[in-house]
Amino acid sequence: MTRRHQVRTLAALGLGAPLLVGLGIGGFSQAVATTAAPPAQDAPAAVAAPAERTGSEEDTAGEATAAPSDVFTTGSQEFARADRSTITAEDVASQLYGYAADPSLSDEATCTDGLALDQPGAVTRCTVIGWSGEQETYYGYMAPAGVAEADYWLYFSKDAPLPEEAASALNDGLNGTGAYPVWGEEQEQPTSLSEDVAVERANFVLDGFGREDLTVISVEGEVDLTSTTPVRGTAVEDGSGRTVGVTLLPIPTGGEAPAMMISIEGP
C-alpha cells in the first residue's frame, strides 16, 4: 500500500502539500488528505495517544512495550504565517501523505489532532488507508528546528509510539533538532557505532542539516542505529567556545541507510 522514500531524501525535504478536507468521524476530529492545495492553518486541539503494548521492548515496570517498525521525518518546515507555532491535523496528514501514501492507489491519510511547538511530548495518531481498506498506523511528533532557516520538523513512528525517552529527546520546550543520513552513499554502514565513530558521524549529521557552527567532542556511549535509544553527548560552539549538550537519536529505517536526529540544548 505505501511507498518508501530513500532516507537520503531527508536532505531534500519538501513535497507539494495535498488538499485536506476536515471530517468528523466517530466523535474524533480527523483530517483526510487527498491531492490538491493545502488549506490555511488554525490552532490544533490538545493531543494525546495511548501507548499500545505488544511485545518487543521492556519498560521500567518489566512489561513489554511495542517498538516502532519504522521511524522517519518529513524534514525541516516553515509555518505558513510568522505568528503561528501550530499546525492542524490536516497539515500533519498532508506531510504524512507525501511520504507514506501512494496516490496511484488512492491512499488516504488521516490524523486525529494538530501539533504545537509549545506542547512538548504531544503526539497525534494518524492512519494511512489503501484502496482495499488496508490500514497502517503512524504517530506524529513536532520538534523545533535547530537552524534559523526553519521552524519545525515532523517525525513519524509506524505501528507504535516512540519510547518515552526518545519522544522526550525531540522536544523539551527548548531544544532544536535536525536529522540527516548517518553515512554517505559509498561508505560502509555498520549499525553499531563506538563512541569515537559516533562523534565523527554526529558531526557529519550536524553539517548535513546546517549546524556547522557546532562540533560534537564526546558521546557518552555506543550508538545502536537499529534502535530508538537516545545517547547523550557534548558539543562546543565554534565561535564562542560555549559547551552545549546534545542528544543523538537514531532513526531506524527498515533496510535503508540509517539516519540520526540530533537534539541541541537551548537557548
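Let's start at Asp213. Asp213 is partly exposed, with a relative accessible area of 30%. On this scale, buried means under 20% relative accessible area, exposed means over 50%, and partly exposed is in between, with a 1.4 Å probe and protein chains only. The side chain of Asp213 meets that of Arg211 in a salt bridge, 2.8 Å from N to O. Arg211 is buried, at 15%. A salt bridge here is a side-chain nitrogen of Lys or Arg within 4 Å of a carboxyl oxygen of Asp or Glu.

A word on the source. This is a predicted model, where local features need pLDDT of at least 70 and side-chain atom pairs count only at pLDDT 80 or more, while totals for chains, interfaces and linings use all residues. Residues are numbered from 1 along each chain as its sequence is written, and side-chain values use heavy atoms, leaving out hydrogens and water.

How confident is the predictor? pLDDT is its confidence in each residue, from 0 to 100. The protein's mean is 76, and 73% of its residues reach 70 or more. Over residues 2-63, pLDDT is below 50.

Back to salt bridges. The structure holds six. Another one joins Lys158 and Glu136, with the closest N and O atoms 3.5 Å apart. This pair links distant parts of the chain: Lys158 sits in strand S11 and Glu136 in strand S10, 22 residues apart. Strands (E, at least two residues) and helices (H or I, at least four) are DSSP runs, numbered from the N terminus. Lys158 is buried, at 18%. Glu136 is buried too, at 11%.

Compare Asp83 and Arg81. Their salt bridge has its closest N and O atoms 2.8 Å apart. Asp83 is exposed, at 55%. Arg81 is partly exposed, at 43%.

Next, the disulfide. How many are there? The count is one, a disulfide being a pair of cysteine sulfur atoms within 2.5 Å. Cys111 and Cys126 form it, with their sulfurs 2.1 Å apart. Cys111 is in strand S7 and Cys126 in strand S9, so the pair ties together parts 15 residues apart in sequence. Both cysteines are buried.

Last, the core. A nonpolar core is a set of buried Ala, Val, Leu, Ile, Met, Phe, Trp, Tyr and Cys residues joined through side-chain atoms within 4.5 Å. The largest has 42 residues, and Val223, Met260 and Ile262 have the most contacts inside it. A contact means heavy atoms within 4.5 Å. Apart from that core lies another, of 23 residues, including Tyr97 and Tyr138.

Technical notes: pLDDT = per-residue confidence, 0-100.
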